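Work through the exercises below with the model open beside you. Try each task before you read its solution.

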Amino acid sequence: MKTLFQLSFMPWIILIPIIALLFLIAPILIGFIVYRDALKRKVLSPLVWAIVAALVPFYIGLLLYVIIGVTQTDERSQS
């Protein structure tokens with residue numbers, strides 16, 4: 001017969017690796033998406049924006065890119 005501890009512990013064995021993967025995969029995916037978008041919009045320093053969006057916690061880097069980064073276009077590449 002299983003004890004209460006064994007029954008309540010079982011879902012965490014499955015959820016912990018999934019949550020860990022999300023915390024690893026989400027920033028990489030966000031950085032990739034921001035980099036591609038910055039290249040398409042010809043934003044200054046697309047690599048820097050990708051790193052900021054990926055590494056600043058709580059999606060603040062992504063929010064900064066959406067608010068500030070999109071308005072920074074490279075004047076030289078538009079002519």
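**Exercise 1. A residue in a loop**

Between which helices is the loop where Lys 42 is found?

Solution. First, the ground rules. This is a predicted model, in which local features need pLDDT of at least 70, side-chain atom pairs count only at pLDDT 80 or more, and totals for chains, interfaces and linings use all residues. Residues are numbered from 1 along each chain as its sequence is written, and side-chain values use heavy atoms, with hydrogens and water left out.

Step 1. Lys 42 lies in the loop between helix 1 and helix 2. Helices (H or I, at least four residues) and strands (E, at least two) are DSSP runs, numbered from the N terminus.

Step 2. Check the backbone. Lys 42 has a positive phi of about 60°, although it is not a glycine. Most residues other than glycine have a negative phi.

Step 3. Lys 42 is partly exposed, with a relative accessible area of 41%. The cut-offs are these: buried is under 20% relative accessible area, exposed is over 50%, and partly exposed is in between (1.4 Å probe, protein chains only).

Step 4. Look along the loop. Ser 45 is also in the loop between helix 1 and helix 2. Ser 45 has a positive phi of about 55° and is not a glycine. Its relative accessible area is 40%, so Ser 45 is partly exposed.

**Exercise 2. The chain and its confidence**

Describe the chain, then find where confidence is lowest and where it is highest.

Solution. 

Step 1. Count the elements. The chain has 4 helices and 0 strands. From the N terminus on, the order is α-α-α-α.

Step 2. Take the burial. The chain has 79 residues, and 19% of them count as buried.

Step 3. Read pLDDT, the predictor's confidence in each residue, from 0 to 100. The chain has a mean of 84, and 82% of its residues reach 70 or more. Helix 4 (residues 75-78) is lowest, at a mean of 63, and helix 2 is highest, at 95. Where pLDDT is low, the predicted coordinates should not be read in detail.

**Exercise 3. Two sides of a helix**

Which residues of helix 2 are buried?

Solution. 

Step 1. List them. In helix 2 (residues 46-55), the buried residues are Pro 46, Trp 49, Ala 50, Ala 53 and Ala 54.

Step 2. Find their side. These residues are on the same side of helix 2, because they cover an arc of only 125° around the axis. The arc is that of the directions from the helix axis to the C-beta atoms.

Step 3. Turn to the other face. The face turned away from the buried side of helix 2 carries the exposed residues Leu 47 and Leu 55.

Step 4. Gly 31 is found in helix 1. At 9% relative accessibility, Gly 31 counts as buried. The C-alpha atoms of Gly 31 and Ala 50 are separated by 4.4 Å, although the two are 19 residues apart along the chain.

**Exercise 4. The nonpolar core**

Which residues form the largest nonpolar core?

Solution. 

Step 1. A nonpolar core is a set of buried Ala, Val, Leu, Ile, Met, Phe, Trp, Tyr and Cys residues joined through side-chain atoms within 4.5 Å.

Step 2. Name the members. The largest nonpolar core has 7 residues: Ile 30, Val 34, Ala 38, Val 43, Trp 49, Ala 53 and Tyr 65. Helix 1 and helix 2 each supply at least two residues of this core. Helix 1 gives the largest share, 3 residues.

Step 3. Pick one member. Ala 38 is in helix 1. Ala 38 is buried, with a relative accessible area of 0%. The C-alpha atoms of Ala 38 and Tyr 65 are separated by 9.1 Å, and the residues are 27 apart along the chain.
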